[in-house]
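Subject: Structure for you to look at

Hello,

Here is the structure I said I would pass on.

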Amino acid sequence: MPTATPVYSSSVALTITLASLASDTNLVAGRESAAVDNKDTDDAVDALVGGKVTTGTSPTALRQIEIWAYGSYDDTEFGGGATGADANLTPSAKTSMKLLEVIPTTSTSNQTYKWGPYSIQQAFGCVPVQWGVFVVHNTGVALNATGSNHEIVRFPVKYESS
Amino acid sequence: MSANLVGASGNYLATTFGAAPLVPNYAVGYPMSFGMWIWLNAVGTVARTLWSFSDNNTAHYLSVRMTSAEVLQIVARAGGAESVATSTATLPARQWCYVIGRFISATNRILHVRTPTGLTSNQDTVSTTPSNLVWMSLGVLAASATATEPWDGKIAEYWLAIDDCFPGVTTTAVDALIMKMAYGGPFAFPTLGGDLIDYRSFRKGPGSFGSEDRAELGDWQKSMTWQCINTPSVHPSDHPPLPYWYAKPPKASRLIVT
């Protein structure tokens, strides 16, 4: 009798430029990742997403970095006014996205914060046909300028029959 | 949903424990702690109260209130004499903030206020022992059978414990601890679970407090005789954004077959 077992595909990086991302006191203006095409590329029943973010020089103490997930309802438009591109974004309504994590930060310069993994399926109740990540912070200074000090990756989860 | 309290309407949420306290020493209010998400609609030169536990008179109460300068205070009043610790943070308007009030002992009361731009922790060590505390309220100072200082804004994810939620933690609170409570919830702290006697997410609405979270509370809930009063109607509003892993009340048993 065939048995379906979950399989974790190889990790895949999301395309997002977090280096030098400006701080926003109001925690609104941030950066969205390019959208992940689950319908035509991943075909996953879940995606585990996580990553790392590095603060800049002399950040203000007791601030935060927020990690949100956005999704598409029709394979074209995205919740919260996201565009699906790796770009700066001021969401039309951040609460239309799904909060994944709020990272409390300190005044330590160039501090790397690793977060996740979080389930896109549990965040949305499904895996949207397209989805991405939105990052915003109010640490008082721009994030670290080195690209390799930031990353967001996903592990698509599928089932295989054996 | 959250509970939207409109200051101009003077609406609030209240309960009374009745003539006899539910647990020993409850009538003095120590030890006790609570937490909740709060939203202030607008700044203004008006004092407002978030939470109070009073003798239904003006002589004795514990409370957390906001001054006319938008700073929160943790208050203890006994025999007409009041002692206060004031937060060093100004509460912003139209942003969700998290508040924890810790009434640890007669000589130790700590207030934590986490806004999007920082955490403040302030302590009051003046010996103050109120008595005959029976009337608890959200969004107003309920004393002497009248309600004053109404909150104008929203509250959500309210919990109450009959012990200190962070034993041993001083005013040098670790931000990550406060944030875990705010974004993980009281049920993310297993050691706190046994001390929780009330939890109201306001996720389903503020109207029927007698049953609003009962389906969520399940078997963990303590046996209580709370009576909730909602006058005039408190309206539902948007809930603070929380991650999917925010811990909800555990169910000791789950019906699987009927």
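Predicted model: local features only at pLDDT ≥ 70, side-chain atom pairs only at ≥ 80, totals over all residues.

Chain B overall. The chain has 258 residues, and 55% of them count as buried. Its secondary structure consists of 17 strands and 3 helices. Taking contacts in chain B between residues at least 6 apart in sequence, 70% join residues at least 24 apart. The chain exposes about 9800 Å², with 54% of that supplied by carbon and sulfur atoms.

The contact with chain A. Chain B and chain A bury about 1300 Å² between them, and carbon and sulfur atoms account for 62% of that area. Chain B brings 15 residues to the contact and chain A brings 17 residues. On the chain B side, strand 9 (108-115), strand 10 (118-124) and helix 1 each supply at least two residues. Helix 1 of chain B gives the largest share, 4 residues. By class, the chain B side has 10 nonpolar, 3 polar and 2 charged residues.

Helix 1 of chain B. This helix covers residues 175-184 and is mostly covered, with 7 of its 10 residues buried. Among the buried ones are Ile178(B), Met179(B), Met181(B) and Tyr183(B).

Regards

Note on methods:
Residues numbered from 1 in each chain as written. Chains lettered and ligands numbered in written order. Heavy atoms only, no water. Buried < 20%, exposed > 50% of the residue type's maximum accessible area, 1.4 Å probe, protein only. Contact = heavy atoms within 4.5 Å. Areas by Shrake-Rupley, 256 points an atom, 1.4 Å probe, with all protein chains shown as cover. Buried area = accessible area lost by both parts, 1.4 Å probe. Nonpolar A, V, L, I, M, F, W, Y, C, P; charged D, E, K, R; others polar.
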